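The sequence and the model come next.

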Amino acid sequence: MPTLLLRLAAPLQSWGGDCKFEIRKTQREPTKSGVVGLLAAALGWKRNNDEGLVHLNELKFGIRVDQQGQNIVDFHTVKGEKSYITYRHYLSDAIFLAGFESEDKNFLYELEYALKNPVFPLFLGRRSCPPTLPIVIGVRDCGLEQALLEEPVLAQRSDITDSLRIQLETNDSEVTAICPDVAISFNPKKRRYGYRKVKEFYINLVTEVDTEHDALSELG
C-alpha cells in the first residue's frame with residue numbers, strides 16, 4: 001500500500017497531551033489528531049466536518065523521530081478579575097518524519113496537493129507554531145513501516161552511530177501504548193476523541209564517515 005510522507009519541523013511545536021487548567025503539556029511526538037487537523041485545514045474543512053474526519057482517521061499513521069528537540073516552557077500572566085499564570089510546553093527545533101498509509105493512492109495525492117496549496121493556515125499543534133517548508137516529501141509505493149525505515153534522515157546529525165524512535169499505529173499484538181488521540185470531532189463546543197493502539201521501537205542508524213583526507217588535494 002502507498003504511503004504519504006511529511007516533514008514536520010518548526011522552531012516550536014506543541015502536540016496536545018495532558019492539559020490541566022493552567023498547565024498545557026506537549027507529547028514527545030506529533031499526535032494523530034494534530035496531524036489529521038493539519039490535513040483537514042489544508043483541505044479547507046470546517047471544524048464541524050465529522051464525516052470527513054472518519055475518512056482521515058482510516059489512514060494508518062506513523063512517526064519517526066529524526067530530531068527530538070528540547071522541551072521548553074513558556075508562561076503567560078492572564079489578568080482579569082483574578083490574575084493567574086499559565087504554563088505552556090513546546091518542543092523546540094524538533095524534526096519528525098510522519099506517514100499516512102492508505103489503499104486509496106488518489107486520496108494521498110489529493111492530500112499532497114492540498115498541503116502544497118492549503119485553504120487554511122497550517123500549524124503544528126498550536127496556531128503559534130507555523131511549520132517550516134517543505135512539509136510534503138511525497139508518496140512512496142510501499143507500506144508505512146517500510147517507508148519510515150527507508151527514508152533518509154531529515155536532520156543533520158554529527159554522531160556516527162545513533163538510533164531513531166518510531167511510533168507506528170498497529171492492530172497486532174505488539175502494542176506498546178494506547179493513545180487517546182483519534183479526533184472524532186473538532187467542534188469547539190464538544191470535542192471528542194477516540195483511542196488507537198501503537199507500537200514503539202528503535203532502529204539503529206549508522207552513518208559512514210570518510211576519515212581519509214588529503215590536505216594537498218585543494219592545491220591541485
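A salt bridge is here a side-chain nitrogen of Lys or Arg within 4 Å of a carboxyl oxygen of Asp or Glu. K199 belongs to strand β10 (residues 192-206) and E145 to helix α4 (residues 144-150), so the pair ties together parts that are 54 residues apart in sequence.

The model is a predicted one, in which local features need pLDDT of at least 70 and side-chain atom pairs count only at pLDDT 80 or more, while totals for chains, interfaces and linings use all residues. Residues are numbered from 1 along each chain as its sequence is written, and side-chain values use heavy atoms, with hydrogens and water left out.

**The chain as a whole**

The protein chain has four helices and ten strands, where helices (H or I, at least four residues) and strands (E, at least two) are DSSP runs numbered from the N terminus. Read from the N terminus, the elements follow the order β-β-β-α-α-β-β-β-α-β-α-β-β-β. Of its 220 residues, 42% count as buried; buried means under 20% relative accessible area, exposed means over 50%, and partly exposed lies in between, with a 1.4 Å probe and protein chains only. If a contact is taken as heavy atoms within 4.5 Å, then among contacts between residues at least 6 apart in sequence, 75% join residues at least 24 apart.

**Helix α2 and its cover**

Which residues of helix α2 (residues 50-57) are buried? They are G52, L53, L56 and N57. These residues cover an arc of only 140° around the axis, which puts them on the same side of α2; the arc is that of the directions from the helix axis to the C-beta atoms. The cover over these buried residues includes α1 (32-43), α3 (105-116) and β9 (177-185).

**More about the charged pairs**

A search of the whole structure finds 14 salt bridges, and the table gives three of them.

| Pair | N to O distance |
|---|---|
| E112 and K116 | 3.7 Å |
| E174 and K199 | 4.0 Å |

E112 and K116 are four residues apart in helix α3, and are therefore separated by about one helical turn. E112 is buried at 14% relative accessibility, whereas K116 is exposed at 54%. Elsewhere, R28, E29, R165 and E200 are linked in a network of salt bridges.

**A nonpolar patch, and the cysteines**

On the surface, I23, V73, F75, I85 and Y87 form a nonpolar patch with about 450 Å² of accessible area together. Patches are made of residues with over 30% relative accessible area and no salt bridge, like charges being joined within 9 Å and nonpolar side chains (Val, Leu, Ile, Met, Phe, Trp, Tyr) within 5 Å. Strands β5 (70-78) and β6 (84-101) each supply at least two residues of this patch. Y87 lies in strand β6 and is partly exposed, with a relative accessible area of 37%.

The structure holds zero disulfides, a disulfide being a pair of cysteine sulfur atoms within 2.5 Å. C129 is buried at 1% relative accessible area, and C142 also counts as buried, at 12%.

Key
Areas by Shrake-Rupley, 256 points an atom, 1.4 Å probe, with all protein chains shown as cover.
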